[in-house]
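Dear colleague,

Please find below the structure I promised to pass on to you, together with its sequence.

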Amino acid sequence: MSSLQGYVDRERLMETLYVILSPVLYIDRVLVILQDGRVIVGTLAGYDQKSNVVLSDSKERVYSTDEPVEEIPLGLYLVKGDQIVLIGEIDSEKDASTDLSDVRAEPLPAIRY
Amino acid sequence: MLIFSVFKTLTDQTVIVELKNDLLITGVLKSVDQFLNIRLDNIQISDEVRHPHMIAVKNCFIRGSVVRYVQIPADAVDTQLLEDATRRGSRFCYKRCPKFPD
């Protein structure tokens, strides 16, 4: 039993390392736009046939016209596929070179059928 | 199914996708599936000053259910052929529905 526990701990350690390192190394960072206009940036941890996605270490980017972009940490997020508008792969260099505190923009409009 | 086939012939063409949140995205159509989910490469947002949200995004997956229009190059589709295929398709539907005899 003790040997099994060892695996669990190592797995957890790797997970922790991954969560710490992925924002620094920008591994598989994606940008997800939701139907209500929210923008979430995170690491794509998984997806399925119905385009449900799991984002680890995710942050919501809140845009506003008179304040700089605010990044709200959300952590591990499961987004239902039917709420998703778009999933984009982030060019990490370009993302790192844009200073979000300079960006001012209207929030994206919600989907209207 | 017909429209799915049409989109499959349009791969590697540059298209403009208009979404139901009024976002216009130009890009090279890379793939499409049965739900008309679309993958675009080399994307460009039409009004980047107003919508800088996706400035670092190079390629994307768009959910079919949020697409309003896809603008396609006129010479990329044979309109006559498409018309005929559509007509054949609708006749096929009528045949299977007893209320509307052929």
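Leaving aside its neighbours within four places in sequence, Leu100(A) touches Pro68(A), Val69(A) and Glu71(A), and please bear in mind throughout that this is a predicted model. Because Leu100(A) has 13 C-beta neighbours inside 10 Å, it counts as partly exposed.

In chain B, Leu40(B), which belongs to strand S3 (residues 38-45), is buried, because 25 other C-beta atoms lie within 10 Å and the cut-off for a buried residue is 20 or more. Beyond its neighbours within four places in sequence, Leu40(B) is in contact with residues that include Val17(B), Ile25(B), Asn59(B) and Cys60(B).

As for where the chains meet, the contact takes 25 residues from chain A and 19 residues from chain B. On the side of chain B that touches chain A, strand S4 (residues 57-62) gives the most, with six residues, and by class this side has 10 nonpolar, four polar and five charged residues. Strand S4(B) also pairs with strand S5 (residues 84-90) of chain A, in the antiparallel sense and over five bridges, and Glu89(A) stands opposite Asn59(B) of S4(B).

With best wishes

Methods: Residues are numbered from 1 along each chain as its sequence is written. Chains are lettered from A and ligands numbered from 1 in the order in which they are written. This is a predicted model: local features need pLDDT of at least 70, side-chain atom pairs count only at pLDDT 80 or more; totals for chains, interfaces and linings use all residues. Two residues are in contact if their C-beta atoms, placed from the backbone, lie within 7 Å. Helices (H or I, at least four residues) and strands (E, at least two) are DSSP runs, numbered from the N terminus. Ala, Val, Leu, Ile, Met, Phe, Trp, Tyr, Cys and Pro count as nonpolar, Asp, Glu, Lys and Arg as charged, and the others, Gly among them, as polar. Two strands pair if DSSP finds at least two bridges between them. A residue is buried if 20 or more other C-beta atoms lie within 10 Å of its own, exposed if 12 or fewer, and partly exposed in between; C-beta atoms are placed from the backbone.
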